[in-house]
Amino acid sequence: MARIGVIGGTGALGKAIARRLAKAGHEVTIGSRLAESAQEAAAEIGAAGGAANEDAAQGQDVVIVTVPYSAHGSTLAQIKDKVGDAIVVDTTVPLVPPKVMRVQLPQAGSAAVEAQGHLGEGVRLVSAFHSVAAHKLDRDGKVDCDVLVFSDDVEARKVVIGLCGDMELRGLAGGALVNAAAAEALTSILIYLNKNYAADGAGIRFTGLTTAPDLA
């Protein structure tokens with residue numbers, strides 16, 4: 001089982017991810033701007049503990065960043081020197097309110113590429129969890145949704161795909177980190193579908209796939 005820090009883990013997505021990982025037996029620490037809030041959330045979902053973000057990022061095997069785009073750069077700067085050799089999973093989507101149903105990717109091409117710039121080339125960065133609704137993760141049972149996982153580090157990508165399985169999700173390798181732009185853009189489309197088709201958290205499924213244990 002892995003030691004996992006969930007940064008911004010008191011938010012809807014962070015708490016839902018943390019709950020599923022803790023239920024799967026991982027040692028989960030919830031991070032927040034306020035340690036007290038993190039500790040309350042940890043007690044609520046049965047996580048190992050809660051701490052301020054910079055402390056929750058230290059000494060982990062995996063660090064999952066679940067903050068809104070408005071806090072993306074500042075949060076990554078805060079934990080940059082704390083993550084060490086951990087795999088860092090960035091879930092951030094560059095939504096720009098109020099027009100969240102329109103694709104508005106940043107000049108760098110994606111939030112994932114921006115994250116690489118904030119953290120530096122040496123960090124094992126993965127981008128994932130863009131297309132799964134937080135409220136569905138916060139329920140028990142299998143979620144009918146695929147999660148695309150992107151990274152230039154193939155082994156790190158495999159680890160995160162494994163964590164998806166622990167969370168009762170199907171993780172699929174989506175290729176290099178730059179490809180995360182497609183999933184980030186898709187999030188705005190899913191929000192549009194939710195509103196216009198009265199969907200309860202629209203997701204994505206890929207069909208016709210065969211097993212590929214050695215993903216390049």
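Q: Is Asp 138 buried, partly exposed or exposed?
A: Asp 138 counts as partly exposed, at 42% relative accessibility. Here buried means under 20% relative accessible area, exposed means over 50%, and partly exposed is in between (1.4 Å probe, protein chains only). Keep in mind that this is a predicted model, where local features need pLDDT of at least 70, side-chain atom pairs count only at pLDDT 80 or more, and totals for chains, interfaces and linings use all residues. Residues are numbered from 1 along each chain as its sequence is written, and side-chain values use heavy atoms, with hydrogens and water left out.

Q: Which residue forms a salt bridge with Asp 138?
A: That's Arg 19, with the closest N and O atoms 3.3 Å apart. Arg 19 is in helix H1 and Asp 138 in the loop between helix H6 (134-137) and strand S7 (146-150), so the pair ties together parts that lie 119 residues apart in sequence. A salt bridge is a side-chain nitrogen of Lys or Arg within 4 Å of a carboxyl oxygen of Asp or Glu. The helices (H or I, at least four residues) and strands (E, at least two) are DSSP runs, numbered from the N terminus.

Q: And Arg 19, is it buried or exposed?
A: Arg 19 counts as buried, because its relative accessibility is 17%.

Q: Which residues are linked with Arg 19 in a network of salt bridges?
A: Lys 23, Asp 138 and Asp 140 join Arg 19 in that network.

Q: How many salt bridges does a search of the whole structure find?
A: It finds 11.

Q: OK, what about Arg 139, which residue does it form a salt bridge with?
A: Arg 139 pairs with Asp 200, and their closest N and O atoms are 3.2 Å apart. The two are 61 residues apart and link distant parts of the chain, with Arg 139 in the loop between H6 and S7 and Asp 200 in the segment after H8. Arg 139 is partly exposed at 40% relative accessibility, and Asp 200 is partly exposed at 43%.

Q: Where do Asp 146 and Arg 205 lie?
A: Their side chains meet in a salt bridge of 2.5 Å, N to O. Asp 146 sits in strand S7 and Arg 205 in the segment after H8, so this pair ties together parts 59 residues apart in sequence. Asp 146 is buried, at 0% relative accessible area, whereas Arg 205 is partly exposed, at 38% relative accessibility.

Q: Changing topic: which side chain makes a polar contact with that of His 26?
A: The side chain of Asp 166, at 2.8 Å. A polar contact is a pair of N or O atoms within 3.5 Å; within protein, one must be able to donate a hydrogen and the other to accept it, and residues adjacent in sequence count only if both atoms are side-chain atoms. His 26 lies in the loop between helix H1 (12-23) and strand S2 (27-32), and it counts as buried at 8% relative accessibility.

Q: What else does His 26 touch?
A: Setting aside residues up to four places away in sequence, His 26 touches residues including Met 1, Ala 2, Ile 4, Leu 21 and Leu 163. Contact means heavy atoms within 4.5 Å.

Q: Which residue's side chain does a polar contact join to that of Ser 127?
A: His 130, at 2.9 Å. Ser 127 belongs to strand S6 (residues 124-127) and is buried, with 1% relative accessibility. Beyond four places in sequence, Ser 127 is in contact with residues that include Asp 90, Phe 150 and Glu 184.

Q: And where is Ile 79?
A: Ile 79 is in helix H4 (residues 72-79), buried at 0% relative accessible area. Its C-alpha atom is separated by 5.1 Å from that of Glu 54, 25 residues away along the chain. Among the residues that Ile 79 touches are Ile 7, Ala 57 and Val 65.

Q: Last one: how many helices and strands are there in the protein?
A: Eight helices and eight strands. Buried residues make up 49% of the 216 residues, and the C-alpha trace spans about 40 × 40 × 35 Å along its principal axes.
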